[in-house]
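Hi,

Here is the structure I promised to pass on. My notes on what turned up in it follow below.

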Amino acid sequence: MPKHTPSTLDPRSPLVLDTRDLPRRPGALRTLQRVVPAPADLGVELITVPEGADLDLDLRLESVSEGVLVSGTVTGPVKGECGRCLREIDESVAVTIQELYAYENSTTDDTTDEDEVGRMQGDLIDLEPALRDAVVLALPTNPLCREDCPGLCPDCGVHWDDLPADHSHQQVDPRWAGLSQLTRTEE
């Protein structure tokens, strides 16, 4: 008896893969290229894949003795802001996915923990958790607009790139401010 009680998958969902045309014999192979809309909240605080953006899936579904091995790449746009200067970042990300989905009632149910291996529901595979894990882990937690981004001036908040090379802010300790009057020449 399986250790889990899966929710029902919607076969019309773009991230649900139907394997009915993939024979259940080891070595059977099917490739899949599809463009799907990105799910919500696919990212980290400063950079994310916009909800509904086109994700290009280039996948290979291969029958193995215990289930279906899904491998391939996911490519899509990312938007966010630089962690140093807050400029907008508009790039793309390409990540590799490789996930085993076990057949229902296979010996994998008895030999693995529930969250250790993906589970099929009939002939359906929910690709979203594996896609989410791969994309989110590939995104930087502190993204940069460019590798040598100097950031912002901590005193005035202007981009260092927009300031002259000799830019500085005179910081006078108020306790010593009176002494600065001694060095001034009278006119």
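Lys 79 counts as partly exposed at 36% relative accessibility (buried is under 20% relative accessible area, exposed over 50%, partly exposed in between, with a 1.4 Å probe and protein chains only). Please bear in mind that this is a predicted model, where local features need pLDDT of at least 70, side-chain atom pairs count only at pLDDT 80 or more, and totals for chains, interfaces and linings use all residues. Residues are numbered from 1 along each chain as its sequence is written, and side-chain values use heavy atoms, leaving out hydrogens and water.

Asp 90 forms a salt bridge with Lys 79, with the closest N and O atoms 3.1 Å apart (a side-chain nitrogen of Lys or Arg within 4 Å of a carboxyl oxygen of Asp or Glu). Asp 90 lies in strand β7 and Lys 79 in strand β6, so the pair ties together parts that are eleven residues apart in sequence (strands are DSSP runs of E, at least two residues, and helices runs of H or I, at least four, numbered from the N terminus). Asp 90 is also the bridge partner of Lys 79 in β7. The two strands, residues 67–81 and 88–102, pair in the antiparallel sense over 15 bridges (pairing takes at least two DSSP bridges).

Glu 128 counts as partly exposed at 26% relative accessibility, and Arg 132 as partly exposed at 22%.

Happy browsing!
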